[in-house]
Amino acid sequence: MIVQRKNLSFWERLYLPAIWGGFKVTVRHFFKKKVTMQYPEERWVVPEGYRGAPYLVRDQEGRTKCVSCQLCEFVCPPRAIKITPPGPAVDPGTGNVEKRPREFEINMLRCIFCGFCQEVCPEEAIFLMRDYSLTGANRKEMIYDKEKLLALGGVHQDRIQKWKRKQREAEAQEVFKPAGQPVGHDAHR
Ligand code: SF4
Ligand code: SF4
């Protein structure tokens with residue numbers, strides 16, 4: 001179908017009514033409360049529960065919490081996570097875990113900030129932070145390696161030592177009560 005182009009009237013050809021209409025909108029908004037933000041000097045305060053970029057965290061003794069189980073890599077919908085396991089070599093510096101990843105990469109260009117990795121992690125080693133401003137000069141810079149992820153994640157003070165908490169929860173249940181000890185006994189803490 002051919003759409004007929006409507007001829008402008010004399011009044012429309014003047015453009016002055018349109019300019020005046022634009023001025024009216026500007027004046028109307030001039031006295032209203034400003035909603036724009038002078039980014040990056042002014043930063044948006046993200047709400048509680050906001051899902052930003054996923055980073056790795058350390059425990060309060062500075063140890064890598066990730067045990068390289070690769071569950072997050074498996075569950076990640078856009079396959080943004082790539083983990084290189086340590087192999088058969090035993091890492092003596094792991095402390096409370098049996099192994100750590102040799103390399104752990106997250107491609108932030110692929111990540112959709114869904115939070116599945118955080119949900120599935122048995123060690124509470126990966127968390128979606130509040131970081132929404134990720135920049136890089138090229139694609140390679142947007143692939144965050146283990147050291148960068150750990151540096152950005154920092155030490156997670158709130159949810160450390162998950163298994164000790166789990167142990168306490170288990171001990172609080174009658175079925176796990178050790179023989180001869182009262183419910184909720186804390187001897188192994
Ligand atoms: S937040 Fe979602 S997309 Fe991003 S790394 Fe985790 S599982 Fe993958
Ligand atoms: S971050 Fe968590 S789920 Fe992913 S490999 Fe490490 S321990 Fe496993």
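This is a predicted model: local features need pLDDT of at least 70, side-chain atom pairs count only at pLDDT 80 or more; totals for chains, interfaces and linings use all residues.
Trainee: Let's start with ligand 1, which residues come nearest to it?

Mentor: There are 14 residues around ligand 1, and those that come nearest are Cys76, Cys111, Cys114, Phe116 and Cys117.

Trainee: And by class, what does that shell have?

Mentor: The shell around ligand 1 has 13 nonpolar residues and one polar residue, with no charged residues.

Trainee: OK, now ligand 2, which residues are nearest there?

Mentor: Out of 13 residues around ligand 2, the nearest are Cys66, Cys69, Leu71, Cys72 and Cys121. By class, this shell divides into 10 nonpolar, two polar and one charged residues, whereas the shell of ligand 1 has no charged residues.

Trainee: Changing topic, how many residues does the largest nonpolar core have?

Mentor: That core has 24 residues, and the ones with the most contacts inside it are Leu56, Ile81, Ile106, Ile126 and Leu149. At least two residues of this core are supplied by each of β1, β2 (81–84), β3, β4 and α5.

Trainee: Which of those gives the most?

Mentor: That is β4, which gives three residues to this core.

Trainee: You named Leu149, what does it touch?

Mentor: Leaving aside residues up to four places away in sequence, Leu149 touches Tyr55, Leu56, Phe104, Ile106 and Tyr144. Two of the residues named here, Leu56 and Ile106, are also listed among those with the most contacts inside the core.

Trainee: Last topic, the open sheet of three strands: what is its order?

Mentor: The order is β2-β3-β5, and the pairing is antiparallel. Because β2 and β5 stand at the edges with a single partner strand each, one side of each is left without a neighbour in the sheet.

Trainee: How many bridges are there between β2 and β3?

Mentor: These two strands pair over four bridges in the antiparallel sense. As one residue-level detail, lysine 82 has glutamate 105 in β3 as its bridge partner.

Key
Residues are numbered from 1 along each chain as its sequence is written. Chains are lettered from A and ligands numbered from 1 in the order in which they are written. A residue is near a molecule or strand if its C-beta atom, placed from the backbone, lies within 6 Å of it. Ala, Val, Leu, Ile, Met, Phe, Trp, Tyr, Cys and Pro count as nonpolar, Asp, Glu, Lys and Arg as charged, and the others, Gly among them, as polar. A nonpolar core is a set of buried Ala, Val, Leu, Ile, Met, Phe, Trp, Tyr and Cys residues joined through C-beta atoms within 7 Å. A residue is buried if 20 or more other C-beta atoms lie within 10 Å of its own, exposed if 12 or fewer, and partly exposed in between; C-beta atoms are placed from the backbone. Two residues are in contact if their C-beta atoms, placed from the backbone, lie within 7 Å. Two strands pair if DSSP finds at least two bridges between them.
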